[in-house]
Amino acid sequence: LQGLRLEILSGMHLAFLEVLAAQEEVSVRDQEVAVAERLARDVGRRVAAGATLRAEESRARVSAASYRLELRRARARLEQARSGLARAMGLTELPAARVAGEIFLGAAPPSLEELRPRLDTTPALRRAHRTIALFESRARLEEAEGAGAWEVGGGARYDAGGDPVSYTHLT
């Protein structure tokens, strides 16, 4: 029961962090769109004044459209993250308000030297070692079975003048 509680809490925590990250991404993408659209307007003014080619204006508009597309994608990811958090909380949907919080990464992860003694005790790694050993033994067996098998083939081969030249093929 305690394990189930921890799993649910961990899922909610992860879903909450995904919403925070998605909200931040939407904010950044929104700023990018504003800058790109301002640039497109400025380039349009320069084109109208004859100081810049129309191609530059087209490039600026395409760039702004690309940023708007990324903003729409970020908003879709935010909605997915919000739906995931609502499911984790047992709700059908979250209230319309922003989720408030900070993403704190905490202390640095342990070093590899600290983790190495614990790695050998994990079931997934033990299974991986057994799988590797199985494949290695199968490879050695296949090599041993094929070590004495030789194939000899022969036939006629013709040179550029059409004269037959014999050959032997050994594998």
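This is a predicted model: local features need pLDDT of at least 70, side-chain atom pairs count only at pLDDT 80 or more; totals for chains, interfaces and linings use all residues.
**Notebook: helices α1 and α2**

In α2 the buried residues are E57, A60, A64, L71, A74, L78, A81, R82, G84, L85 and A86. Helix α1 is part of what covers them, going by contact (heavy atoms within 4.5 Å).

Residues are numbered from 1 along each chain as its sequence is written, and side-chain values use heavy atoms, leaving out hydrogens and water.

**Whole chain**

I counted 4 helices and 2 strands, taken as DSSP runs (H or I, at least four residues, for helices; E, at least two, for strands; numbered from the N terminus). Along the sequence they come in the order α-α-α-α-β-β. Of the 171 residues in the chain, 15% are buried. I also checked the contacts with a separation of 6 or more: 49% of them join residues 24 or more positions apart.

**α1 against α2**

How do α1 and α2 pack? Helix α1 covers residues 2-48 and α2 covers residues 54-89; their axes are 8 Å apart and at an angle of about 165 degrees. That makes α1 roughly antiparallel to α2 (over 145 degrees, on a scale from 0 to 180). I put the crossing of α1 past α2 down as left-handed (near helix turned anticlockwise from the far one by less than a right angle). I then sorted their contact by class and got 21 nonpolar, 4 polar and 15 charged residues. Gly goes with the polar ones, and charged is Asp, Glu, Lys and Arg.

**Lengths and ends**

I checked both helices against 1.5 Å a residue. The 47 residues of α1 should span 69 Å, and the end C-alpha atoms of α1 are 69 Å apart, so that agrees. The 36 residues of α2 should span 52 Å, and the distance between its end C-alpha atoms, 52 Å, agrees too. After α1 I found G50 with a positive phi, near 85 degrees. Just after α2, G90 also has a positive phi, of about 80 degrees.

**Buried side of α1**

In α1 I listed A15, V19, L20, A22, Q23, V26, V33, A36, A40, V43, G44 and V47 as buried. Helix α2 is part of what covers these residues.

Is Q23 buried or exposed? Q23, in helix α1, has 3% relative accessibility, so Q23 counts as buried. Leaving out residues up to four places away in sequence, I found Q23 touching L78, R82, R98 and V99.

A36 also lies in α1, and I put A36 down as buried because its relative accessibility is 6%.

V62 sits in α2; at 57% relative accessibility, V62 counts as exposed. From V62 to A36 I got 9.5 Å, C-alpha to C-alpha, at 26 residues apart in sequence.

Definitions and conventions. Angles under 35 degrees count as roughly parallel, over 145 as roughly antiparallel, 65 to 115 as roughly perpendicular and the rest as oblique. The expected span of a helix is 1.5 Å times one less than its number of residues. Buried means under 20% relative accessible area, exposed over 50%, partly exposed in between (1.4 Å probe, protein chains only).
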